[in-house]
Amino acid sequence: GKEGREFVLKRARDTNCELVRLTVNKYNANAIKTYEKIGFQNVGPAVFDIGNEYIMDDYIFEFLLDDRY
């Protein structure tokens with residue numbers, strides 16, 4: 001939870017990243033709610049053919065780093 005978020009955001013800041021981007025399966029309502037609660041923004045869909053007739057059907061979430069991290 002919180003410790004994982006803090007670790008990732010600190011690591012991103014330490015390596016001069018401006019944002020953290022991840023994908024979340026669009027049917028994973030719990031994960032979507034959690035990421036939104038901690039400040040990630042849903043910036044749109046991510047639909048990719050990942051082979052063997054499988055389609056990744058996710059949302060892209062981003063967290064813009066600022067002076068807090």
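These legends walk through a few close-up views of one predicted model. Residues are numbered from 1 along each chain as its sequence is written, and the model being a prediction, local features need pLDDT of at least 70, side-chain atom pairs count only at pLDDT 80 or more, and totals for chains, interfaces and linings use all residues. Side-chain values use heavy atoms, with hydrogens and water left out.

View 1. (Rings of Phe, Tyr and Trp, the last by its six-membered ring, pair if their centres lie within 6.5 Å; planes under 30 degrees apart are stacked, over 60 edge-to-face, and the rest tilted.) Tyr 35 is partly exposed at 28% relative accessibility, while Phe 40 is buried at 5%. (Buried means under 20% relative accessible area, exposed over 50%, and partly exposed in between, using a 1.4 Å probe and protein chains only.)

**View 2. Tyr 35 also pairs with Phe 61.** This pair is tilted, with 6.3 Å centre to centre and 40° between the planes. Tyr 35 sits in helix H2 (residues 29-37) and Phe 61 in strand E3 (residues 54-64), so the pair ties together parts that are 26 residues apart in sequence. (Helices, H or I with at least four residues, and strands, E with at least two, are DSSP runs numbered from the N terminus.) Phe 61 is buried, at 0% relative accessibility.

**View 3. Strands E2 and E3 form a hairpin.** The two run antiparallel and are joined by nine bridges. (Strands pair if DSSP finds at least two bridges between them.) Across from Phe 48 you'll find Met 56 in E3. Two residues lie between the strands of the hairpin, where Asn 52 takes a positive phi near 50°.

**View 4. Ile 50 belongs to strand E2 (residues 41-51).** With a relative accessible area of 57%, Ile 50 counts as exposed. As background, side chains in a regular strand alternate between the two faces of the sheet.

**View 5. Asp 66 comes in the segment after E3.** Asp 66 is partly exposed, with a relative accessible area of 31%. The C-alpha atoms of Asp 66 and Thr 15 are separated by 14 Å, and the two residues are 51 residues apart along the chain.
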